[in-house]
Amino acid sequence: MFLEEDTRVKLHKLHEVLKKFNCRQEWFLGKPLHDEESTIIHHYAFSENPAAFEYPDFSAGWALSISLVNSLTSKIEEEPLKSDFTIDLKHEVALYIWEDGKGPRLTGVPELCTLPEHKPRAQYCATTVSSHSPVCGQPVKSDNIFVAVKTCKKFHSDRVPVVKKTWAKQASLLEYYSDYADPTIPTINLGVPNTERGHCGKTFAILRRYLSSHVPKTDWLLIVDDDTLISLPRLQALLSCYDSSEPVCLGERIYPVLLCCVSYRMVFSREAVVQLLASGCKCYTNDAPDDMVLGMCLNALRVPVTHSPLFHQARPEDYAKEFLAHQTPISFHKHWNIDPIAVFNKWLLNDKHTEALQKSTKEEL
C-alpha cells in the first residue's frame, strides 16, 4: 500500500477492504481518475477517448497485490525502465502496469477516498485527505521572497500585463528579466539573448543577480515564467514548513529520478543558490534546459529537489476535476485557449482557501 504524506488512513477499515482481494491474483487498486480531454501532461494518450484509461489518485492511496509486485519486479529486472520524461508519475505508473493490455487495469476501491475527515461520508472511507496546504508556523513574509519573472520582448504586451493584473499585486519584491530593457514595464536585460528551447543562461544570470547587491537580500528566491499563474500567499504558507538556512529547492519534480527537474516555477532558499554557484555549476549553452541542468547540479551537491503536488505545469483543464477538487493549488502554467485572469480569480485568488490557511496558522500558534 502506498500513501502520500497528507493521507490519513484507518487501518482497521483498510484491512477489511484489502481482505476482499485475493493476493495471489494481480490486483492494482486505487481511486480512479480519468482525463476529460487529451492533454500534454499525459503525452496526448488515448486522444480519441481520454476517459477510456483510468489512473490512481495517489492522495487516496493505492495498492498492489504481492502477485503483481512479483510480476513487476521480474519485468523491471528483465527490461530496465526507459529514461523518458515522466511528467505525471501516477499516469505513467498506470500505463506501465497495464502494458498495452498485458497487465491489469486499475480497479476502483470506493473506500479509498480523498474526502476531508469532517465530511459525513468520510466514515465509510479507509483513507481521507487534508484539502489545505501544510501549515507549519507563521507564513513567510512577502518581503522575504524575491520574485524573478522570466520574459522576452515578444511577450511584453500580452503576458506581462496578465502578471501585473493578477498575482504581481501580491509581491513585495519583483523584477522582470528580458532580452530587451523596456522602461515602461520595467524589464531588465541580463545580457542573455532569448532562446526558443531552454533558458539556462537566463536562469543562471538571475541566480547571480540574486546574490548581488543589485537586489534586496531575502531568504527565498522564486523564479517563474511570464505565463505562470501563482498564489503568493499560499506559497508563503507552504514555505513556513522549510528552513531557509538549509539548501532548499522546491517545485514540481519531473522524472526520471536521476534528473531531478523543476519546471516553470522554482523556489530556492538563499543557501541553495549560494551552494549552486559556489559549486561551479554552469550551463553548457544558453539554450540548455535550465531545469535539467539545475537538477543535475543539485543531484551532484546531494541537495534534494522537493516535490510539491500543489505546483502544476499545465492549465486546470489539463487535470482531472477529482484530482484538483481536494487541493488548494499554488500555481498553474500556460495561457493558451484560456482566460488567464479568470483562471487566476477562480483557482488562485486570495480567497476562502487562503483565509482558512491563515486561520489555522493562528490557531496553531
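1. A salt bridge here is a side-chain nitrogen of Lys or Arg within 4 Å of a carboxyl oxygen of Asp or Glu. By this rule the count comes to 13 salt bridges. Side chains of opposite charge can pair when their charged atoms come close.

2. A word on what you are looking at. This is a predicted model, in which local features need pLDDT of at least 70 and side-chain atom pairs count only at pLDDT 80 or more, while totals for chains, interfaces and linings use all residues. Residues are numbered from 1 along each chain as its sequence is written, and side-chain values use heavy atoms, with hydrogens and water left out.

3. Now find K19 and E16, whose side chains form a salt bridge (3.5 Å, N to O). K19 is exposed because its relative accessibility is 53%, and E16 is partly exposed at 44%. For these words, buried means under 20% relative accessible area, exposed over 50%, and partly exposed in between (1.4 Å probe, protein chains only).

4. Next, look at E111 and K20, a salt bridge whose closest N and O atoms are 3.2 Å apart. E111 sits in the loop between β6 (107-108) and β7 (127-129) and K20 in the loop between α1 (11-18) and β2 (28-30), so the pair ties together parts that are 91 residues apart in sequence. Helices (H or I, at least four residues) and strands (E, at least two) are DSSP runs, numbered from the N terminus. E111 is buried, at 17%, whereas K20 is exposed, at 58%.

5. D290 and K150 also form a salt bridge, with 2.8 Å between the closest N and O atoms. D290 belongs to helix α8 (residues 290-300) and K150 to strand β8 (residues 145-150), so this pair links distant parts of the chain, 140 residues apart. Are these two buried or exposed? Both D290 and K150 are buried.

6. Finally, turn to helix α5 (residues 200-210) and helix α7 (residues 270-278), whose axes come within 10 Å and cross at roughly 115°. Axes are lines fitted to C-alpha atoms, for helices over the stretch in contact, and angles run from 0 to 180 degrees between N-to-C directions. The two helices, α5 and α7, are therefore roughly perpendicular (65 to 115 degrees). Because 10 of the 11 residues of α5 are buried, α5 is largely enclosed by the rest of the structure.

Technical notes
Parallel < 35°, antiparallel > 145°, perpendicular 65-115°, else oblique.
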